[in-house]
Amino acid sequence: MTENISVLGLGLMGSALADALLSAGHHVTVWNRTPAKADPLIAKGAVRAATPAEAVEASPLVIACLLDYPSVHEVLQDTPLAGKTVANLTTGRPGEAREAASWAAERGADYVDGGIMAVPHMIAKPGALILYSGSSAAFERHEQAFAVMAEARYVGEDAGMAPLLDLAMLTGMYGQMAGFLEAAAMVTSAKYPLKEFTTDLLIPWLNAMAALQPDWAEKIETGDHSTEVSNLEINRAGMENLVRAFREQGVKPDLLLPMKTVIDQRTARGLAHEGLSGLVEELYN
Ligand SMILES: NC(=O)c1ccc[n+]([C@@H]2O[C@H](COP(=O)([O-])OP(=O)(O)OC[C@H]3O[C@@H](n4cnc5c(N)ncnc54)[C@H](OP(=O)(O)O)[C@@H]3O)[C@@H](O)[C@H]2O)c1
C-alpha cells in the first residue's frame, strides 16, 4: 500500500530512511535545513518542501530524524500537527520522548518514538531493527511503511520505552566492547596475534557466556540470586587475580575496575554466596 510520507532531516540516517521509503514506492516529501542534501532524493522522485510546515502539510505520516530533541522541537514548533502522526526517530532519552508525546498530543497529533538499531547502510536490509513505542494505533496504521526501513518492533504505549531499550542495548554493547578492549590490551602486551585470539578463542567464549544471561534475567526478575555456577566470592578472587595480572603485564585494568568495585561492595555486605546476577541490586538508587 502506497502512503504519503514526509521526512524531516536528511542527514546520513534521514537520507537512508527516505531513500528506503522511495524505493518501496511511497510518495515521499522531504525537508532539510540545508536544502542541497535533498538533491539526490529529489533526483529519485522525492518532492522538496520549502519549509517544515509544507512537509507536514503534505503527508499524514511525518518522520523526523534530526540531531536531537531540541532540534525536533525547533523544527516543528510553529507547524500545525492536528491529525498527523509524528514518528520521531531521533535518538534521545526516555524523558524527552515522553515530553515529546505530550507536546504532540496537545497539538492533536499521534506520536510514536523510535530507536534505530542500525547504521545508515543497514537500512532496508536484513539485520536492521527499529524499536517503536507510543500510540499503538498510529504504529499499526503505518506499520507497513515502517517495515520498509527496518524490522519494526513495537514495545509499548509508554513513548519512553523505545529510547530506554535503545539505550539498554547500547549499554550491553559498550560493556562487551570494554571487555574486548581490555582483553586486546592484555593479548597484544604478550605479542599474541590478536585477530586469531578474537576469532578462535574470544568470540566462541563470549557466545557461551551470553547463553547464561537469559537465566540471569530470570534471577533478576525473581530476586533469587542463588547460584550453582559460580558465587561472588570466587568472582571476587578472580577479579583480584585479573587486576594483579594486568598490572604485572604492564596493562591498566581501568575498564574492568568499576565491575570489581561493585563485586567488592556486594561481598562486603555478606552476600558472597550469591551469583553475579545479584550485582544488579547494587545499581538501583
Ligand atoms: N548515523 C547513524 O549511524 C545513526 C544510528 C542510529 C541512530 N541515529 C540517529 O539519527 C539521528 C540523525 O543522525 P544522522 O546520522 O543522520 O546525523 P547527521 O548526518 O549529523 O544529520 C543531522 C541532521 O539533523 C539536522 N539538524 C541538526 N540540527 C538542526 C536544527 N537545529 N534544526 C534543523 N535541523 C537540524 C541536520 O541538518 P543539516 O543538514 O542542515 O545540518 C541533519 O539533517 C540522530 O538522532 C542519531 O543519533 C543515527
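**Note on the predicted model**

1. Arginine 269 counts as exposed, at 53% relative accessibility. The scale here: buried is under 20% relative accessible area, exposed is over 50%, and partly exposed lies in between, with a 1.4 Å probe and protein chains only. This is a predicted model, in which local features need pLDDT of at least 70 and side-chain atom pairs count only at pLDDT 80 or more, while totals for chains, interfaces and linings use all residues. Residues are numbered from 1 along each chain as its sequence is written, and side-chain values use heavy atoms, with hydrogens and water left out.

2. Arginine 269 meets glutamate 282 in a salt bridge, 2.7 Å from N to O. Both residues lie in the segment after helix H11 (257–268), so the pair ties together parts that are 13 residues apart in sequence. Glutamate 282 is buried, at 13% relative accessibility. A salt bridge here is a side-chain nitrogen of Lys or Arg within 4 Å of a carboxyl oxygen of Asp or Glu. By that rule there are 15 salt bridges.

3. Glutamate 240 and arginine 236 form another salt bridge, with the closest N and O atoms 3.4 Å apart. Why are they separated by about one helical turn? Because they are 4 residues apart in helix H10 (residues 232–248). Helices are DSSP runs (H or I, at least four residues), numbered from the N terminus. Glutamate 240 is partly exposed at 34%, and arginine 236 is partly exposed at 25%. Both belong to a salt-bridge network that also links Glu233, Lys260 and Asp264.

4. Glutamate 151 pairs with arginine 153 in a salt bridge, the closest N and O atoms being 3.1 Å apart. Glutamate 151 is partly exposed, at 43% relative accessibility. Arginine 153 is partly exposed too, at 42%.

5. The aromatic pairs number 4. Tyrosine 132 and phenylalanine 139 form a tilted pair, 5.4 Å centre to centre with 45° between the planes. Phenylalanine 139 and phenylalanine 146 form a stacked pair, at 5.8 Å and 25°. The rule takes rings of Phe, Tyr and Trp (its six-membered ring) with centres within 6.5 Å; planes under 30 degrees apart are stacked, over 60 edge-to-face, the rest tilted. Ring pairs link Tyr132, Phe139, Phe146 and Tyr154 into a cluster. Tyrosine 132 is buried, with a relative accessible area of 0%. Phenylalanine 139 is buried at 5%, and phenylalanine 146 is buried as well.

6. A nonpolar surface patch holds Trp205, Met209, Leu212 and Val229, with about 400 Å² of accessible area together. Patch members have over 30% relative accessible area and no salt bridge; like charges are joined within 9 Å, nonpolar side chains (Val, Leu, Ile, Met, Phe, Trp, Tyr) within 5 Å. Methionine 209 sits in helix H8 (residues 194–210). Methionine 209 is partly exposed, at 31%.

7. The ligand has 22 residues around it, and Met13, Asn32, Thr34, Lys37 and Thr91 come nearest. A residue counts as near if one of its heavy atoms lies within 4 Å. A polar side-chain atom of arginine 33 lies 2.9 Å from a ligand oxygen atom. A backbone N or O atom of leucine 66 lies 3.0 Å from a ligand oxygen atom. On glutamate 74, a side-chain N or O atom is 3.4 Å from a ligand nitrogen atom. The ligand taken alone exposes 900 Å², and the protein buries 77% of that. Accessible areas come from the Shrake-Rupley method with a 1.4 Å probe; for residues, only the protein chains shown count as cover.

Key
Helices (H or I, at least four residues) and strands (E, at least two) are DSSP runs, numbered from the N terminus. A polar contact is a pair of N or O atoms within 3.5 Å; within protein, one must be able to donate a hydrogen and the other to accept it, and residues adjacent in sequence count only if both atoms are side-chain atoms.
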